[in-house]
Amino acid sequence: MKISLDIPEDAFKTRYSSPEEFASALRKAAAIYWYQRTEISQGRAAQIAGLNRKEFMEALAREKVDVFVVDFDDLKRELELG
């Protein structure tokens, strides 16, 4: 799925060198936010962020977000999958 946003150029120019870099940071921030709120699993968050799970866990650590947020329903599903 592709989503388009109209964001003023000066909103990202001071910190990001390109719109692509800004979009990547935005995806990562959204994934971390939803993961922290236990709205999505770690695997789904990594996918949204465009990272593998190890890279996503490293991103969580850099942002000082708990790496392991336990959603017991999600844990049960993962255990059932083996």
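Q: Where does Lys64 lie?
A: In this predicted model, Lys64 lies in the loop that runs between H3 and helix H4, the latter covering residues 72-81.

Q: Why is Lys64 called exposed?
A: The label exposed is given to relative accessible areas over 50%; Lys64 has a relative accessibility of 74%, and therefore counts as exposed.

Q: What makes the phi of Lys64 worth a remark?
A: The phi of Lys64 is positive, at about 60 degrees, although Lys64 is not a glycine. The remark is made because most residues other than glycine have a negative phi.

Q: Which value of phi does Thr38 have, and where is Thr38 found?
A: Thr38 has a positive phi near 60 degrees, again in a residue other than glycine, and is found in the loop between H1 and H2.

Q: Why is Thr38 called partly exposed?
A: Buried means under 20% and exposed means over 50%, with partly exposed in between; at 35% relative accessibility, Thr38 falls between these limits and so counts as partly exposed.

Q: What is the secondary structure of the protein as a whole?
A: The protein has four helices and zero strands, which along the sequence gives the pattern α-α-α-α. The C-alpha trace spans about 45 × 30 × 20 Å along its principal axes, and of the 82 residues 20% count as buried.

Q: Why are H1 and H3 called roughly perpendicular?
A: The axes of helix H1 (residues 19-36) and helix H3 (residues 53-62) cross at roughly 80 degrees and come within 11 Å. Angles of 65 to 115 degrees count as roughly perpendicular, and H1 and H3 are therefore described in that way.

Q: What makes H2 roughly perpendicular to H3?
A: H2 and H3 pack with their axes 9 Å apart, at an angle of about 90 degrees. Because this angle lies in the range of 65 to 115 degrees, H2 counts as roughly perpendicular to H3. The contact joins Gln42, Gly43, Ala45, Ala46 and Ala49 of H2 with Arg53, Phe56, Met57 and Leu60 of H3, and the residues of the contact of H2 with H3 divide into six nonpolar, two polar and one charged.

Q: Which residues of H3 are buried, and how do you know that they line one face of the helix?
A: Phe56, Ala59 and Leu60 are the buried residues in H3. Seen down the axis of H3, the buried residues fall within an arc of 100 degrees, so they line one face of the helix. What covers these buried residues includes H1 and helix H2 (42-49), whereas on the other side of H3 Lys54 and Arg62 are exposed.

Q: How much accessible surface does the protein have, and what part belongs to carbon and sulfur atoms?
A: The accessible surface comes to about 6700 Å², with 52% of it belonging to carbon and sulfur atoms.

Definitions and conventions
Residues numbered from 1 in each chain as written. Predicted model: local features only at pLDDT ≥ 70, side-chain atom pairs only at ≥ 80, totals over all residues. Heavy atoms only, no water. Axes fitted to C-alpha atoms, helices over the stretch in contact; angles between N-to-C directions. Helix = DSSP H or I, 4+ residues; strand = E, 2+ residues; numbered from the N terminus. Parallel < 35°, antiparallel > 145°, perpendicular 65-115°, else oblique. Buried < 20%, exposed > 50% of the residue type's maximum accessible area, 1.4 Å probe, protein only. Areas by Shrake-Rupley, 256 points an atom, 1.4 Å probe, with all protein chains shown as cover. Arc of directions from axis to C-beta. Contact = heavy atoms within 4.5 Å. Nonpolar A, V, L, I, M, F, W, Y, C, P; charged D, E, K, R; others polar.
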